[in-house]
Amino acid sequence: MRVEEHWWNGDTSRRGRRDVYIRTDGQRWDVQVRIGGESGRSKVQECPGRTSAVILAGAWRGNHPAWREVTD
């Protein structure tokens, strides 16, 4: 799975950091939510397509203004 989009909540602490990823392999789509940075816990929700993945990722982020998109 490759990451199509990635956001984080701007919190640099291990306990406070949250990441949301939209991922695809070209056929399947999912949204991964990670709590606690790279070594933290994560949850993956499969989605039927890109549109539903974008909606789900938006729901995980909510309306908090601290969220920012990560570009590599």
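This is a predicted model: local features need pLDDT of at least 70, side-chain atom pairs count only at pLDDT 80 or more; totals for chains, interfaces and linings use all residues.
Which residue lies over the face of W7?

**View 1. A charged residue over the ring of W7.** The residue to look for is R61, which lies over the face of W7. Its distance from the ring centre is 3.9 Å.

**View 2. N9 in its loop.** Here we visit the loop that runs between β1 (2–8) and β2 (18–24), where N9 lies. Is N9 buried or exposed? Its relative accessibility is 16%, and buried means under 20%, so N9 counts as buried. Now look at what surrounds N9. Setting aside the neighbours within four places in sequence, N9 is in contact with G16, R17, R18, A66 and W67.

**View 3. The side chain of N9 and two backbone nitrogens.** Stay with N9 and follow its side chain to the polar atoms. The backbone nitrogen of D11 lies 3.2 Å from a polar atom of this side chain. For the backbone nitrogen of R18, the distance to a polar atom of the N9 side chain is 3.1 Å.

**View 4. The salt bridge of E4 and R2.** Side chains of opposite charge can pair when their charged atoms come close. How many salt bridges does the structure hold? The count comes to five, and this view shows one of them, between the side chains of E4 and R2. From N to O, the distance is 2.9 Å. E4 is partly exposed, with a relative accessible area of 34%. R2 is partly exposed too, and its value is 47%.

**View 5. The salt bridge of R17 and D19.** Which side of the 20% cut-off does each partner fall on? R17 has 24% relative accessibility and therefore counts as partly exposed. D19 has a relative accessible area of 1%, so D19 is buried.

**View 6. The salt bridge of D30 and R23.** Our last stop is the pair formed by D30 and R23, whose closest N and O atoms are 2.9 Å apart.

Terms used. Residues are numbered from 1 along each chain as its sequence is written. Side-chain values use heavy atoms; hydrogens and water are left out. Helices (H or I, at least four residues) and strands (E, at least two) are DSSP runs, numbered from the N terminus. Buried means under 20% relative accessible area, exposed over 50%, partly exposed in between (1.4 Å probe, protein chains only). A polar contact is a pair of N or O atoms within 3.5 Å; within protein, one must be able to donate a hydrogen and the other to accept it, and residues adjacent in sequence count only if both atoms are side-chain atoms. Contact means heavy atoms within 4.5 Å. A charge sits over a ring if NZ of Lys or CZ of Arg is within 6 Å of the ring centre and within 35 degrees of the ring normal. A salt bridge is a side-chain nitrogen of Lys or Arg within 4 Å of a carboxyl oxygen of Asp or Glu.
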